[in-house]
Structures are given as C-alpha cells and as structure tokens.
Amino acid sequence: MSYGHFDDKKREYIITKPDTPLPWINYIGCEEYFGIISNTAGGYSFYRDARLRRLTRYRYNNAPFDFGGRYIYIRDNSSRIFWSPSWQPTRHDAENYSCRQGMGYSIISSTFKSIRAETLYFVPLGENLEIWQLSITNQSKKTRQLSVFSSIEFCLWDAQDDATNFQRNFNTGQVEIEDGVIYHKTEYRERRDHFAYFACSEKLAGYDTQRDVFLGAYRGWNAPIAVERGRSFNSVAHGWAPIGSHHVKLNLKAGETRIITFVLGYQENPKDKKFDPPDSQTINKQTVRPLIKKYLNPITVRTAFDSLRSYWEKVLGIYQVQTPNKHTDRMVNIWNAYQCMATFNISRSASFYESGIGRGLGFRDSNQDLLGFVHMVPERARERIIDLASTQLETGGAYHQYQPLTKRGNNDIGSDFNDDPLWLIIGVAAYLKETGDWSILDTPVPYDNKSGSEKPLYEHLERSLKYTLDRLGPHGLPLIGRADWNDCLNLNCFSDTPGQSFQTTTNKEGKVAESVFIAGMFVFAARELADIAEQRGLNTEADSYCQAAEQMDNTVRVHGWDGEWFLRAYDDFGNKVGSKECKEGKIFIEPQGFCVLAGIGLKDELAKKALDSVYKILATPHGIMLHQPAFSQYYLNLGEISSYPPGYKENSGIFCHNNPWIIIAETMAGNGDRAFDYYLRINPSAREKIGKLHRCEPYVYAQMIAGKDAPAHGEAKNSWLTGTAAWNYFAITQYILGIRPTYKGLMIAPVIPSEWEGFSVNRIFQGVQYNVTVKREGKGNKIELIIDGIRHQGNIIPKPPFGVTQVAVQVLLS
Ligand code: GLC
Ligand code: GLC
C-alpha cells in the first residue's frame, strides 16, 4: 500500500492518501516559534517552550488519534455543502488530496466539487508567527459563492494547566477584536506580557472567538454550527474556551483564483508598555500592527517563503552526497539532516508522542543531538553547549533535564544518571572538530546557573571525567546511578509500588551496581579529552587522561568481558547483567557498540567476537534489538526495562538510537558490507515499501521498531524526536562515507559496501568547499588521496592556504 512518494528535487515527501496509518507530521519553524503539523492539518504551535508558551490547544491520545489543528472550512453558499480542504475534520472524499511535507513548510491541497484549495503553512525566518496561505480556485464553469472559515483553539499558555485546571480556566479567557484581528489575551491583565493574534487578509463577514458558540452545543469540529449555517456569530469570548475563527465571503468566477492569508503569531510587550492607553486594560498593539500588515501582503509572504527555501538550500548544502543508493542520498542530503535540526530544536519535548509537557531538554539527549547538527548552524550549537554546561553541578554531575524557557535544571527528575556528564565532552569535541573555535573552552560558564561559580568550559569537561572516576564500584567499573544511556535499566530502584518513578525512586545505596556501558563511554570520552588537551599543549593532562582511559580499558577486559561479548553491568547484588550466566537478558547491544567505538578490543579478537555475537543474536531484518532474550517477567533488581512487554521499548525493542553504534563499530572493524546492511535495515526511506507494517513516517527515523518478541515485529513508534537522528547521520556521513572533521583537517576514511564503485561528496568545512570523489579500485578500505591533482600521504586533507575556498579531492579505495 502506498501513501505517497518522495520528491527529492523539491525536498518533499508527498502524501497522497489522507488516512495514513498514523498522522505523518512535519515541523514548521526552526528558531523560536514552532508548530507541529500533520498531513491533515492537525497539531499546534508554541513559542520556545511547548509547555509554558503554548499558543494553540491540542488533545493528545485522542480518538481519532490526531484532532485539533489549523482547520479551514469551505462552504458552497448555494448548495450549503461544506468541507475541509485538509480532509480533517470533515473527512469528505476530496479529489487529488496531497500533503507536501517540505523543509519547514507543509502544503495541503485537495479539490472538492470543482473548488481547488491549496494551503501553504510555514513560519518566516526571524519571526514569531506562522502563515497559512490559502489559494482557492474555481475550476467549474460557473461563478461560485463561497464562504471560508478559519479556526484555531487557543491554549491558555501553560499546557499542563490548560489540560487540568478547569475550575479556574473556564473563567479566565479573554480576547480583543480590532480591525478583524483576533487577539488572545488570557492572563494578560495580570502577570503575562505576551499575547497571541490571529489575522486575516480579507474583509470579514464575521468572526467567532467563543468555542461553544462557533461549534454549537454537543457538536464537534466536523460540523460547527457557524459553518453549517454559513454565518459567524461574532462571539466575544469571556471565560470558557477562546478560539479564533474568521469568516470570509467570496464570489469566485469560473477559473478564478483568490489568495487569502491568515497570520497567527506570538508577541511580547515591554512590561511598562503593556496597555494602550497606559491606564487601560487594552493591549498595546502598536508593536504588532506593522508586523501583521506586513505579512498579510502576499508579496511579503512570497519573499519570506523564498528565503526559507534558500535557507534550507544553504544549510543542507554543507553536506551533499551522491552514492549508488537512493535511500542513502535522500536521507543524508535531505531528511536525516532535517530531522537533526528538529531534534536539536525540540529535543524530546513536543511531537505526536511527546506531549510537550513532560520532558524539557535532556542533558544526554541534547549533547548527542549536537553530533548531527553542529555543522549546520554552529553558532547555535555553541549557545546550546553553554546552556547545557551551565546546568552542570559542581560535582561534575548534571541535571538530567532542563526547561528551555527558563534554562533551569529540572528538580523533579534531578541528577545522578551517571553517564550524563560524559556526553558533554562528546558534544564539545564534535563542536571543536567542526568549527576549530577553541575560544569556547575559555568561556566562563557557571555551575547550576549560580552566578559567581563561573569557570572556563574546559574545567567543566575535566569535572565531567572526574565525576566518573569519583564513582567507581567494586570492580573498578563506573557506578551506574539512577541509570545510564538506558533510562530503564534501574539497578538501584527496586520499585514495587505502582505509580512510583523507576528513575527517581531510589532505595539502594548505589555503591555496588556498575555499568560496562559507562566504562566504554568513559574510555571514549577520556580519549576525546586527551586529544583536546593535546591540541591545547596541555601534555601532562593529556597523558593522565590517556592513562585513565587505558586503565578503564583494562578493567573492561578483566571484569567486563563475558567470553563472547561485553557484559552489560553488575547489579546491586554484584551479579552480572548481560551475561551467558543470566536466564534472560544475556546480551545487550549498548556495551558492544560503545566499547568497540571507544577502541576496546579492536586490536585483538574481542571487538570482532562482540560484533559477531550481535550479528548472530540481536540482528533482525528490522534492525538490531536491545538485548536477548527479552524479559518475560518483571525483575525488581532491573527496573523499568522489565516493565515493558517483550519486544517493546527497552525490553528488547529495536532501539534505532543505538543501532548506529554497531554500524560505526563495524566500520571500525573494517566491515563496510555489514555496516551498510544494518544502516539500510532501519533507514526510513528504505522501509517505505513496508509502510503498512512500519506505520510511521517514511521520511524520518522513529525511536523504536518492535523487536522479534512483539506481535507487531517491525512496527515503528515514536517518530521524530530521538537520538536516532543524530547518531545515524553521524554514522553514515562520518563513518560509512567517512568524511570526518578532525583537529588537523578533513579526514577521508570511507568504509563502504564492497559492491559500490564509489561516490562523491560536497562538504563545506570551515569555509572551504571540498569536492570529494571516491573511486573503488579494489575491495578493501585502503585510501590514497589526490588533492588538487597532487598525491598526498595519509587520509587527512590539510587545511588549504588562506583564501582557497575550493579543494578537489580524488580518493582511490583499494
Ligand atoms: C530515550 C531517551 C534517551 C535514552 C533512551 C534509552 O530515547 O530520550 O535519553 O537514552 O530513551 O532509554
Ligand atoms: C521511559 C522510556 C524511555 C525514556 C524515559 C524518559 O522510561 O521507556 O525510553 O528515555 O521514559 O524519562
């Protein structure tokens, strides 16, 4: 069953059936104002923080799944038939339905009764507003009298409160209507200095701002009474549920097209200029009127849309590849990079699976996201690094999450996820390699946002490493704390009461349970920090980090090796986790990936054995599972991991996030064929043909695909916001294709499938465009570089002399 197809030239996915297995969404906005939009116009918008500044309302876990959005209705005033050109909410059988999900925009179109409607939704760069531009064409032979209604439901800013506190909220709603613009001002009278506005380019026949007047009692969004009768009520919301709806009447001649623009935006006023006149309670609109006027002009809209397209052209132009495999090209050149921007911006906060209320920015997650994002907008990566490091604690530990709006660590979940601090080193190293901006290391950064506690960023990295060394367990391996990368391996929790948090309910001292995964990560991070120190001429420090890495490497060999693979952990009793001695959960993916990535066992048989075990036991046609055998029951000493039924999530699901660790490890072991095979198994474009089973969007990665123990083996869930995006991008671009930024220059180290004849890449790195052509001359991974016609030793292209902006590199692979 096909639900659509890729248009790589336009960088779009064109959905041609509205009833996709799940809502297939897109993000509009890539700076401070964001919207989620599904293929049937569902979704909502927020400014910076999906919980604290939510503009429009959305109801999660609804039936139908996706309901509430940016809905437009069209009514034929003669026949009184009305429909929605985005299919939802009226679900009429329109012809030629399509939703084009593009880079920061969505275009939803359909034709009904010879009326063609096409709506472009996007957020102009640099603005805190979104445009809906509806172009409506009469394809019939006679003049048509039409009504167009817009609709949105305002959220009362704090999404948590909005969804729960009705005894208050049914009394607080307020709006103003001026010149056809609807202003939503709930709580503006007291402590808020922000409001929302919803404007329309046409002369209005009417408007509505009170939901239940617009819909009518006992009616839903599929048949609002105002639309049905063809006339708004001009309702003014006071309390209850404020909405925004404009009514425009149109006479469309045969063949005529009209454009109607709607603008929905967020605006803040200076605290002392909130009201106009100052002694009134009326919103001061002087700050926003010019902006509204500007964007109601179709020419401005066109220019803004063109700028958005050029922006993406430029951002994606930094890494463009041509390989023999279209799924690779499409993901690398377009969608995987695009998804990396989304995960960078939204972290794990707001998708159709993340409610925008729970998690803010994760320390671990956001550091990893940098791996896929840093080359696109390095200035923003820098800012993020400083924000993250500012939440670090003086112990070197880190808050697990922080709220993007306040940038403060989240006390509910706290710290003690013992892998967290190490991710900072990995994130910063990626930034330094990409940008060469060493000044960031000297930037003063506070601990826990306390002023006066500022220390150079470099010291934060040192403390991150020390944090692990200060917390070693009985075998000399790192103590795990609440959990490591696997949030659900809770070895110190022993939770036996429903509703308790698996992560924060701790009733063990935490002095016994150790993580081999963190050990691998430590070796990796210590070597990164050693390289950084060396670059700065701090040789003593560099040596000590190398020694620490060496020592941990040994400890892993002695206490972290199970014979055929790396162990996962020791539990609170000192028993092995992820060992052949275990009844269930004998082998885990994480340490096989990260230990090899850190270089452990590459010089002898260990790495190879571990990877072969993964291949034999964990690999499925749909990707590599987290562990095997799945846990068939709940284990008090293991925690949340065993709470999921077998095959789902952390209990033996295919966590796409750590598949790339194995992919990278395979390239390090020189196995291009196996690495690429794994890569394709979870590549969403390659899975498009099994869309009915996969169910999630074919253009972005999902966090999880159900493992072989699940009835729905192969079904994806939780698309978009996952570390999968960054790690897969990192794996394919830097390890399989092997174009890797280093401190000395751009490294070329492809480990590609043996049957590929070659590929070419354009990579802009530190202001220089490298045109790299790789040609296979033999089956192996041996490299010979010819730079601008001259043979070159080694596999790193040195930085060209100042002023040179183009370098041609021929690579012979044998
Ligand atoms: C989720 C979390 C991530 C964690 C992973 C495994 O994706 O966002 O931080 O590492 O689950 O539990
Ligand atoms: C749950 C999920 C895990 C996620 C965590 C975030 O434990 O299974 O994937 O990382 O919640 O708190």
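I looked up what surrounds ligand 1 and found Arg348, Arg359, Arg364, Asp365, Trp485, Asn486, Asp487, Glu650, Phe655 and Gln703. The model is predicted, so I take every distance below as a computed value.

I then sorted this shell by class. It has 6 charged residues, 2 polar ones and 2 nonpolar ones.

Next I looked up polar atoms beside the oxygen atoms of ligand 1. For Asp365, I noted a polar side-chain atom 2.7 Å from an oxygen atom of the ligand. Glu650 also takes part through its side chain, where an N or O atom is 2.5 Å from an oxygen atom of ligand 1. In Trp485 I found a polar backbone atom, and it lies 2.5 Å from a ligand oxygen.

How much of ligand 1 does the protein bury? Taken alone, the ligand exposes 310 Å², and the protein buries 97% of that. I also checked which pocket holds ligand 1, and it sits in the second largest pocket.

I moved on to strand S42, residues 806-813. Which strands did I find paired with it? One is S38, residues 768-776, which runs parallel to S42 over 8 bridges. Within this part I looked up Thr773, and its bridge partner in S42 is Gln810.

Another is S39, residues 783-787, which pairs with S42 in the antiparallel sense over 5 bridges. Here I noted that Ile787 stands opposite Val809 of S42.

As a reminder for reading strands, I wrote down that side chains in a regular strand alternate between the two faces of the sheet.

Technical notes: Residues are numbered from 1 along each chain as its sequence is written. Chains are lettered from A and ligands numbered from 1 in the order in which they are written. This is a predicted model: local features need pLDDT of at least 70, side-chain atom pairs count only at pLDDT 80 or more; totals for chains, interfaces and linings use all residues. Side-chain values use heavy atoms; hydrogens and water are left out. A residue is near a molecule or strand if one of its heavy atoms lies within 4 Å of it. A polar contact is a pair of N or O atoms within 3.5 Å; within protein, one must be able to donate a hydrogen and the other to accept it, and residues adjacent in sequence count only if both atoms are side-chain atoms. Accessible areas come from the Shrake-Rupley method with a 1.4 Å probe; for residues, only the protein chains shown count as cover. On a 1 Å grid over the protein atoms alone, a cavity is a set of points where a 1.4 Å probe fits but cannot get out, and a pocket is an open set with protein on both sides within 12 Å along at least five of seven lines; lining residues have an atom within 4 Å of a point. A molecule sits in a cavity or pocket if more than half of its atoms lie within 2 Å of its grid points. Ala, Val, Leu, Ile, Met, Phe, Trp, Tyr, Cys and Pro count as nonpolar, Asp, Glu, Lys and Arg as charged, and the others, Gly among them, as polar. Two strands pair if DSSP finds at least two bridges between them. Helices (H or I, at least four residues) and strands (E, at least two) are DSSP runs, numbered from the N terminus.
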